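Open the model in your viewer and switch to a cartoon view. The tour below says what to select at each stop and what is there.

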Amino acid sequence: MIRVLFGGSPAPAAKALELILKDSAMSSSVSEEAYEVVGVLTNPPSAHGRHKDLIPTEVEQYARIWNEARNCGIAVFAFEHIRQEEREKIAAVRPDIFVCFAYGHILGPKFFSLFPFGGINLHPSLLPKYRGATPVNAAILNGDSETGFSIQKMALGMDEGDILLQQKIGLTGTETAEQVLKNSALYGGMNITQILRQISRTGKLPDAFPQQGEISYCSIIKKEDGKINWRSSARQIDAQIRAYTPWPGCFTYCGTVQLRILKAWDANKVAVQDPSVVKNTSAVPGTVLEYNRQRGILIQTGDGVLIATELQWQSKKAMDYKSFMNGTRNFIGAVLE
């Protein structure tokens, strides 16, 4: 039976962990394929909310729920840094392999020396395209028609490891980053369970192949990247909102008050059903043109019309466009900046 240390932090990683834990419990019925999760490596709790309460990562939360529900003793490591003391604590659980999805730390050779089988990483892109921390966001921003995930052997260089498995995921131009990451976690996690069973059965990693194709990188996302530039096209702003859901979210200003645009459409996407939403105006980009009760709030962009369907004033609750308009006066004609 191989012993697994899982590394990850956000909600999609918690979903992958859930799949792996459930399969590990079932794997014990086939002794030659059995594996066990003996530890979880995640980020420390972070401050949230007005009172800056320390909240554990979603991965830590799920691991502790599993421990309590199953009366298990999976070790939870929430280290700020991984140095000699931390490595000794990890070594004490005697892991054979490190399985990683969205852990977010650069790991060195001393860390990988703890694992006889090394590490495998679930990366939500078709490597070598979009190496780095934000591949799903980059795929949506760039209007790609497909993305996917890669399960790779971990290497010291960022996302440079050989590929164990790749799978494509089609994009329709309507998905948010949150939805694509959930799919990557679901399908990627299911494939990782099969790889772990294979390692347990054969005593070695599956054959891997070098990454093929043009190498590209994605940049780190900052909170200010969510600021909407209304001179951009409706297509670009639509993609920006979907790419930055749930974080950092997209925002603009109505006067001095911040307004978040949580959901929106490029009007061209619904033009077949309702051509009236496609406007050809000379209005200043950012101008709120019209309230369409069937579709949403129409806003002029640098090229085309954006239809906002869910909005949120600063420090207020999110609202659908009808509720928003019921509680907002003099919005039509305003110029958002």
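This is a predicted model: local features need pLDDT of at least 70, side-chain atom pairs count only at pLDDT 80 or more; totals for chains, interfaces and linings use all residues.

Now go to strand β6, residues 97-100, and show its side chains. Which residues of β6 are buried on one side, and which on the other? Ile97 and Val99 lie on one side, Phe98 and Cys100 on the other, and all are buried, so that both faces of the strand are covered.

Strand β1 (residues 2-7) runs parallel to β6 and is joined to it by four bridges. Along this pair, Val4 stands opposite Ile97, and Gly7 stands opposite Cys100. Strand β7 (residues 119-123) also pairs with β6 in the parallel sense, over three bridges. Here Cys100 has Asn121 as its bridge partner.

Move on to helix α2, residues 58-70. Its 13 residues reach 18 Å from the first C-alpha to the last, close to the 18 Å expected at 1.5 Å a residue. Colour Val59, Glu60, Tyr62, Ala63, Trp66 and Asn67, which are buried. They are on the same side of α2 because they cover an arc of only 165 degrees around the axis. In an α-helix there are 3.6 residues a turn, so residues three or four places apart point the same way. What do the buried residues of α2 pack against? They pack against β1, α1 (11-27), β2 (35-42) and β5 (75-78). Turn to the other side of α2 to find Ile65, Glu68 and Ala69, which are exposed. After α2 comes Asn71, with a positive phi near 55 degrees.

Finish with the cysteines. How many disulfides does the structure hold? The number is zero. Cys218 counts as buried because its relative accessibility is 14%. Cys72, at 33% relative accessibility, counts as partly exposed.

Definitions and conventions:
Residues are numbered from 1 along each chain as its sequence is written. Side-chain values use heavy atoms; hydrogens and water are left out. Buried means under 20% relative accessible area, exposed over 50%, partly exposed in between (1.4 Å probe, protein chains only). Helices (H or I, at least four residues) and strands (E, at least two) are DSSP runs, numbered from the N terminus. Two strands pair if DSSP finds at least two bridges between them. The expected span of a helix is 1.5 Å times one less than its number of residues. The arc is that of the directions from the helix axis to the C-beta atoms. Contact means heavy atoms within 4.5 Å. A disulfide is a pair of cysteine sulfur atoms within 2.5 Å.
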